[in-house]
Amino acid sequence: MRLRTWGYFFRQAFLSLWRNAWMSVAASTSVAVTLFILGAFILLVLNINFIALALQSNLEIAVFLRVDTPRSQALALKQQMESLPGVKEVELVPKEQGLKILAQQLGEEELLEATGGVNPLPDYLRVRVEDPARIGEVAAILQNLPAVEKVNYGQAVVERLLAVLRWVRYLGVGIIGMLAVASLMLLMITIRLAVYARRREINIMKYVGATDWFIRWPFLLEGLFIGLIGGGIAAGVLLWGYTSLTYKIKLSLFFLPLLEDNTVLHYTALGLVGGGACVGAVGSLLAIHRFLKV
Amino acid sequence: MIQFFNVTKIYKGDIYALKDITVKIDKGEFVFLVGPSGAGKTTFIRLLFREELPTKGQILIAGRSITRLRSKEIPFLRRNIGVVFQDFRLLPDRTVYENVAFALQVLEVPPKEIKARVEEVLAQVGLSGRAHLFPHQLSGGEQQRTAIARAIVNRPRILVADEPTGNLDPATSREIISLLLDINRLGTTVIMATHAWDIVNSLKKRVIALDKGRLVRDDKEGVYGYEA
Ligand SMILES: Nc1ncnc2c1ncn2[C@@H]1O[C@H](COP(=O)(O)OP(=O)(O)O)[C@@H](O)[C@H]1O
Ligand SMILES: [Mg+2]
């Protein structure tokens with residue numbers, strides 16, 4: 001195609017966008033909403049993954065001893081554990097310290113009232129492991145040591161988080177699927193209207209021997225623009241929204257690890273723009289397919 | 001130049017629009033295609049420029065089968081065939097000039113050449129002074145001249161006209177046909193479907209008569225008549 005022809009294609013595409021301004025805006029907006037939600041879900045999933053990973057690597061095993069275990073045995077156990085393979089460090093938290101922590105959380109008076117002056121807590125040991133992935137194995141070994149009442153390593157939290165992640169994924173795929181179909185249809189309707197508005201012209205073009213691509217390109221460009229604008233808006237809002245949201249979360253929930261990898265963020269945004277272009281191209285090609293069969 | 005070999009066209013619902021048509025039209029001929037409404041004239045023309053495919057049989061143009069064309073090749077066939085319709089099919093929001101130029105623009109002809117060719121063809125159909133009027137400002141005859149100009153501006157070897165005078169009064173019809181004869185004299189093969197029997201009879205051109213999809217007559221210097 002000649003350069004002049006491309007000029008013609010772009011003019012036709014913009015003219016048509018302008019003529020169907022409201023439909024174009026509606027289609028663009030719906031593409032934007034769909035892609036924004038897609039992007040938000042992607043970032044949500046990435047973050048939950050990230051948090052689960054961070055939690056896992058910070059995990060330690062809490063080994064609770066029987067309440068009646070003498071301090072000397074507790075100290076001996078600490079040494080025994082430190083010599084075990086896979087164990088990085090062990091810290092003994094005496095029951096007195098445990099009570100102090102509890103008192104801080106509950107308030108001195110209430111605690112005294114509830115316990116009647118007797119410390120109900122056991123000593124416990126905090127065990128950090130060398131390889132977080134093998135935390136379960138180490139925990140099993142510790143469980144079998146004498147005087148050990150209970151072993152807790154927070155795996156349940158991580159597992160629950162991963163289960164939530166699975167559901168978020170299913171939900172995301174479902175919702176995004178439906179929205180994608182809706183915005184694709186809106187886009188197709190827009191292009192169909194544009195084709196319909198120019199059906200006489202198309203007819204004549206076919207009679208005088210214009211190629212199918214010559215007829216297609218303006219509509220393809222029109223769909224592409226609608227998709228690109230939608231994708232652009234989604235990407236922009238997502239970038240802005242995510243940065244300001246993580247900023248706010250960092251202020252209040254400072255302990256929550258969040259994904260702040262700009263590369264990932266930018267790829268996601270770029271992906272949304274690309275996704276918009278795809279929706280636009282596919283939608284318009286589908287829309288004009290039927291009309292060009294003469 | 002144009003050859004139909006045992007061409008049958010059956011539309012959906014078992015409608016036989018053409019039955020076993022074999023006919024040969026030479027380069028430079030002027031042919032009337034006559035027959036009552038529903039005889040298959042329009043179908044014949046639509047087969048010619050590959051708007052429809054025959055159900056059976058072969059159609060050759062310049063020795064090439066057009067039924068075997070790939071869809072990519074169809075536009076290039078159509079660049080060699082100009083088409084004119086009863087209802088003109090002009091773009092209402094464009095001037096005479098723009099309507100004619102449009103046919104070249106979509107073929108990516110350079111603007112300078114478009115201007116020269118459109119002016120030339122408008123002079124040929126006698127519309128030079130009307131170039132900047134819109135279709136609704138023209139008489140029926142002038143509208144049809146515009147449509148003819150659009151059909152021949154790319155200098156096709158074949159011009160087909162499907163009842164081009166169907167919407168025109170007898171005097172204007174005669175003018176349109178005399179324009180088509182002029183175009184034919186310059187070497188273009190012209191095939192015209194028509195009802196205007198008085199004109200057909202007076203011109204002594206070849207007449208191909210169809211009735212209920214069958215070829216019922218083919219006279220070198222015929223008169224109108226499918227009843228014979
Ligand atoms: N697209 C179509 N689908 C079904 N039947 C058609 C179609 N076009 C034409 N026909 C039928 O084919 C026959 C021939 O029609 P046509 O070629 O238009 O005749 P003419 O132009 O001589 O009036 C008629 O019976 C008509 O109803
Ligand atoms: Mg007809």
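What follows is a short tour of a predicted model, with a few stops to select and look at.

**Stop 1: the ligand**

Start by selecting ligand 1 and showing the residues around it. They are B:Tyr11, B:Ile15, B:Ala17, B:Pro36, B:Ser37, B:Gly38, B:Ala39, B:Gly40, B:Lys41, B:Thr42 and B:Thr43. If you colour this shell by class, you will find 5 nonpolar, 5 polar and 1 charged residues.

Now look at the oxygen atoms of ligand 1. A backbone N or O atom of B:Gly38 sits 2.6 Å from one such oxygen, and a backbone N or O atom of B:Lys41 is 2.8 Å from an oxygen of the ligand. At B:Ala39, a polar backbone atom lies 3.2 Å from a ligand oxygen. Taken alone, ligand 1 exposes 560 Å², and the protein buries 64% of that. Which elements give two or more residues to the shell? They are strand E2 (15-25) and helix H1 (41-48) of chain B. H1(B) gives the most, with 3 residues.

**Stop 2: B:Lys41**

Stay in helix H1 of chain B and select B:Lys41. Is this lysine buried or exposed? With a relative accessibility of 4%, B:Lys41 counts as buried, since the cut-off for that word is under 20%. Setting aside neighbours within four places in sequence, its contacts include B:Leu33, B:Val34, B:Glu163, B:His195 and B:Leu210.

**Stop 3: A:Asp123**

Move over to chain A and select A:Asp123, in the loop between helix H5 (108-115) and strand E3 (124-129). A:Asp123 is buried, at 3% relative accessible area. Its side chain reaches the backbone nitrogen of A:Lys95 at 2.7 Å and makes a polar contact with the side chain of A:Arg71 at 3.1 Å. Not counting residues up to four places away in sequence, A:Asp123 also touches others, among them A:Val63, A:Phe64, A:Leu65 and A:Pro94.

**Stop 4**

**Stop 5: across the chains**

Next, select B:Arg94 and A:Glu201. The closest N and O atoms of their salt bridge are 3.0 Å apart. B:Arg94 lies in the loop between strand E6 (81-85) and helix H3 (96-105) of chain B, while A:Glu201 is in helix H8 (residues 199-208) of chain A, so the pair joins two chains. Both B:Arg94 and A:Glu201 are buried.

**Stop 6: along a helix, and a network**

Select B:Lys115 and B:Glu119, whose side chains form a salt bridge at 3.3 Å, N to O. These two are about one helical turn apart, because B:Lys115 and B:Glu119 are separated by 4 residues in helix H4 (residues 111-124) of chain B. B:Lys115 is partly exposed at 46% relative accessible area, and B:Glu119 is partly exposed at 40%.

Finish by selecting A:Glu60, A:Glu91, A:Arg126 and A:Arg128: salt bridges with shared partners join them into one network. How many salt bridges does the structure hold over all chains? There are 26.

How values were computed:
Residues are numbered from 1 along each chain as its sequence is written. Chains are lettered from A and ligands numbered from 1 in the order in which they are written. This is a predicted model: local features need pLDDT of at least 70, side-chain atom pairs count only at pLDDT 80 or more; totals for chains, interfaces and linings use all residues. Side-chain values use heavy atoms; hydrogens and water are left out. A residue is near a molecule or strand if one of its heavy atoms lies within 4 Å of it. A polar contact is a pair of N or O atoms within 3.5 Å; within protein, one must be able to donate a hydrogen and the other to accept it, and residues adjacent in sequence count only if both atoms are side-chain atoms. Accessible areas come from the Shrake-Rupley method with a 1.4 Å probe; for residues, only the protein chains shown count as cover. Ala, Val, Leu, Ile, Met, Phe, Trp, Tyr, Cys and Pro count as nonpolar, Asp, Glu, Lys and Arg as charged, and the others, Gly among them, as polar. Buried means under 20% relative accessible area, exposed over 50%, partly exposed in between (1.4 Å probe, protein chains only). Contact means heavy atoms within 4.5 Å. A salt bridge is a side-chain nitrogen of Lys or Arg within 4 Å of a carboxyl oxygen of Asp or Glu.
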